[in-house]
Amino acid sequence: MKPPYQEIGVVNTREAFKRAMEGGYAIPAYNFNNLEQLQAIIIGCVESKSAVILQVSKGAREYANQTLLRYMAMGAVKMAREMGSNIPITLHLDHGDSFELCKSCVEFGFSSVMIDGSHLPYEENIKLTKRVVEYAHQCDVSVEGELGVLAGIEEHVVAEKSNYTDPGQVQDFVGRTGVDSLAISIGTSHGAYKFKLKPGETVPPLRFDILKEIEKRLPGFPIVLHGASSVLQKYVAMINEYGGRIEGAAGVPEEQLREAAKSAVCKINIDTDGRMVVTAIVRKVLMENPKEFDPRKYLGPARKELIEVIKHKNADVLGSANRY
Ligand code: G3H
Ligand code: 13P
Ligand code: ZN
């Protein structure tokens, strides 16, 4: 059977992960929900010659409509090709929470899906993940599983504290499920408030010791980092200056992500940073131009800024720029 994703023009993650592993960099996985975010991701990655994973959450699928998303992704690939770019583009389901959702995404043309059973008891996580892998692989779709729970909000599951990935479980999990990549918990978390810092405190380092132990047990196997926004302070300050109230937001320092990208970490997930850039610029433009009511006049500048931030991340943080 011809994989449904071929019609969209996207590819699964296998080849890009292999190259990222050999090259010591990570592929960016940027979430999108609307036109401007998608345009910024494609333009930013085309201009920086970086492979890209277009990431769609369950919430994004509900927000934007699954059929519309399918054609937006198809249009995004076409746009990249018209710009003369041959970068690999993957359409990926972020935090799939059921077999049925993953199956539906495969049928709709996703070339990669995540099944997130990390909150389930170990054996149930294996059972669910294996079921998704068996189905997805028939359509040549790659599958990401997760072991360990990130603090913060994982879709509708709120965890008070991180439950770091147990390196002792990774070989068994990967071997029994057949996943193509594994998301791990080493101290990152979702959202804008990753660390609660008291004045004078700095962000604690990621658990590189756990990452090293996992790499030892799964040599050459692609690892994924969720919750990898840096929560850029420039945009936090801008949001607060222009009427917002985001206090004490802190993310993963860029140097630590660069370090992780040199290892077996092949995919780095970024959503919050994109949201913050858009919010900061929209707030600024609207406050400075109270008579403005044309969405292009505030979404356009937000998109422009997001392109620059994406190019910066690809070049200076993930190391994925200039690889294609
Ligand atoms: O990890 C979650 C992503 O940031 C997606 O968030 O469920 O609000 O679309 P969302
Ligand atoms: P951030 O909230 O740090 O951007 O993480 C996004 C993510 O992990 C999507 O799956
Ligand atoms: Zn995530």
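A cavity, on a 1 Å grid over the protein atoms alone, is a set of points where a 1.4 Å probe fits but cannot get out; a pocket is an open set with protein on both sides within 12 Å along at least five of seven lines, and lining residues have an atom within 4 Å of a point. The model is predicted: local features need pLDDT of at least 70 and side-chain atom pairs count only at pLDDT 80 or more, while totals for chains, interfaces and linings use all residues. Residues are numbered from 1 along each chain as its sequence is written, chains are lettered from A and ligands numbered from 1 in the order in which they are written, and side-chain values use heavy atoms, without hydrogens and water.

Q: Which residues lie nearest the centre of the largest cavity?
A: Tyr30, Ile270, Gly274, Leu306 and Ile310 do, out of 13 lining residues. The volume is about 100 Å³, taken as the space filled by probe spheres set on grid points joined across faces, edges and corners.

Q: Which element gives the most to the lining of the largest cavity?
A: H12 does, with four residues. Strand S1 (27–31), helix H2 (35–47), helix H11 (272–288) and helix H12 (295–318) are the elements that give two or more; helices (H or I, at least four residues) and strands (E, at least two) are DSSP runs numbered from the N terminus.

Q: What makes up the lining of the largest cavity by class?
A: Six nonpolar, three polar and four charged residues. Ala, Val, Leu, Ile, Met, Phe, Trp, Tyr, Cys and Pro count as nonpolar, Asp, Glu, Lys and Arg as charged, and the others, Gly among them, as polar.

Q: Which residues line the second largest cavity?
A: Arg61, Gln66, Leu69, Arg70, Leu91, Phe108 and Phe110 do, around about 30 Å³ of space. Helix H4 (residues 66–82) gives the most, with three residues.

Q: What places arginine 61 over the ring of phenylalanine 108?
A: The rule asks for NZ of Lys or CZ of Arg within 6 Å of the ring centre and within 35 degrees of the ring normal. The charged end of arginine 61 is 5.5 Å from the centre of the phenylalanine 108 ring and sits over it. Arginine 131 likewise lies over the face of phenylalanine 99, at 3.8 Å from the ring centre.

Q: Why is the pair of phenylalanine 99 and tyrosine 135 called edge-to-face?
A: Rings of Phe, Tyr and Trp (its six-membered ring) pair if their centres lie within 6.5 Å, and planes under 30 degrees apart count as stacked, over 60 as edge-to-face and the rest as tilted. Here the centres are 5.8 Å apart and the planes stand at 75°, so the pair is edge-to-face. Phenylalanine 99 lies in helix H5 (residues 99–108) and tyrosine 135 in helix H6 (residues 122–138), 36 residues apart.

Q: Why does phenylalanine 99 count as buried?
A: Buried means under 20% relative accessible area, exposed over 50% and partly exposed in between (1.4 Å probe, protein chains only). Phenylalanine 99 has 12% and therefore counts as buried; tyrosine 135, at 17%, is buried too.

Q: How is the aromatic pair of tyrosine 122 and phenylalanine 173 classed?
A: That pair is tilted, at 6.4 Å centre to centre and 45° between the planes. Phenylalanine 173 is buried, at 0% relative accessibility.
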